[in-house]
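Subject: Structure for you to look at

Hello,

Here is the structure I said I would pass on. Please open it first, then read the notes below it.

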Amino acid sequence: MDDTTKKKQSLHSFLNNENTVGYIFALPFIVGFCGLTLVPMGLSLYYSFCNYKIGSDPVWIGLKNYIDLLKDSTFLNSIRVTVQYVIVGVPLKLIFALFIAMLLTRPTKLQGFYRAVYYIPSLIGGSVAVALVWKQLFGSRGPLVTLIKSLGATGFSFFGSTTWAFVPLVLCNAWQFGSSMLIFASGLKQISKEYYEAAEIDGAGAIKRFFSITLPCLSPIILFNLLMQLISGFMTFTQAQIITQGGPNHATEYVSLFIFTEGFSYGHMGYACAASWVILVIMVAITAVLFKTSNHWVFYEAED
């Protein structure tokens, strides 16, 4: 057997290997992940230790960006308002999503249509157009402010108050509950009806069944949705940028908006990269705490 035949056989064997076929099909993702995620993350980490502006050469300054961040009252305030937004907005969104999911799991002829309608806000909710509509809805001449003023609250304004400015953003986020709702609906269908039948025989009411059966059985789904929405909450940008521009007095300048402003408006790209990594560490810490404590409140039927 000559070398050419051996090479052809070797190539044929290589191409017929299941692992090779898998890598070939996964190649677009691998290239995209490396080129659009892994490499930018590495550059971002390097730039976070540099005095860097787009179009200029980075100058290594060590930990100065991180030290300055810890002294930056605007950055610390952005963390505070972001945490406030997440603490209020994420539970509200999950509660609303679970409530609607429980309604939509009841058998009706238009069940599929209702799910599609309720999912639409999640598809378009992050768009600039919807943010502009939301801005008009809660604006000084919007219907909600007009109604509040008609009840006697003269001079009231959502966007002119540091106390109320975050409310439209929280409600806009809660309105986009479609993805969480579908996941909850899928989880509700997996709960065995035998649990509810046994509870009814024992005389348990609807509230007792909800807290003793529904929530424990949904706890893995709740953990997943909670993690996804926490990450999404820390990345909130479009609504804050379009609706409030971070105002008034930085009351809605969330971390993502702070990073964008520092990096692209002021040109402090190295400083913005450092802020990004600080937030990443905070998110990793929160995720680790949730996973560490999940053993105390997440119920897995397979482990029972």
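How many helices and strands make up the secondary structure of the protein? There are 14 helices and 2 strands. Please keep in mind that this is a predicted model.

First, the overall form. The C-alpha trace spans about 90 × 60 × 35 Å along its principal axes. The radius of gyration of the protein is 25 Å, whereas a compact globule of 304 residues would have one near 19 Å. Of the contacts between residues at least 6 apart in sequence, 66% join residues that are at least 24 apart.

Next, the surface and the charges. Of the 304 residues, 37% count as buried. The accessible surface comes to about 18,400 Å², and carbon and sulfur atoms account for 66% of that. The side chains include 19 positive and 15 negative ones, with 11 Å between the centres of the two sets.

Is N65 buried or exposed? N65 has a relative accessible area of 6%, so it counts as buried, the cut-off being under 20%. Beyond its neighbours within four places in sequence, N65 is in contact with Y47, S48, F49, C50, G270, Y271 and A274. With S48 there is also a polar contact: a polar atom of the N65 side chain lies 3.0 Å from the backbone oxygen of S48. V117, by contrast, is 52 residues from N65 in sequence and 46 Å from N65 in space, C-alpha to C-alpha.

Regards

Technical notes:
Residues are numbered from 1 along each chain as its sequence is written. This is a predicted model: local features need pLDDT of at least 70, side-chain atom pairs count only at pLDDT 80 or more; totals for chains, interfaces and linings use all residues. Side-chain values use heavy atoms; hydrogens and water are left out. Buried means under 20% relative accessible area, exposed over 50%, partly exposed in between (1.4 Å probe, protein chains only). Contact means heavy atoms within 4.5 Å. A polar contact is a pair of N or O atoms within 3.5 Å; within protein, one must be able to donate a hydrogen and the other to accept it, and residues adjacent in sequence count only if both atoms are side-chain atoms. Helices (H or I, at least four residues) and strands (E, at least two) are DSSP runs, numbered from the N terminus. The radius of gyration is taken over C-alpha atoms; the globule rule is 2.2 Å times the number of residues to the power 0.38. Accessible areas come from the Shrake-Rupley method with a 1.4 Å probe; for residues, only the protein chains shown count as cover. Lys and Arg count as positive and Asp and Glu as negative; His and the chain ends are not counted. The place of a charge is taken as NZ of Lys, CZ of Arg, CG of Asp or CD of Glu.
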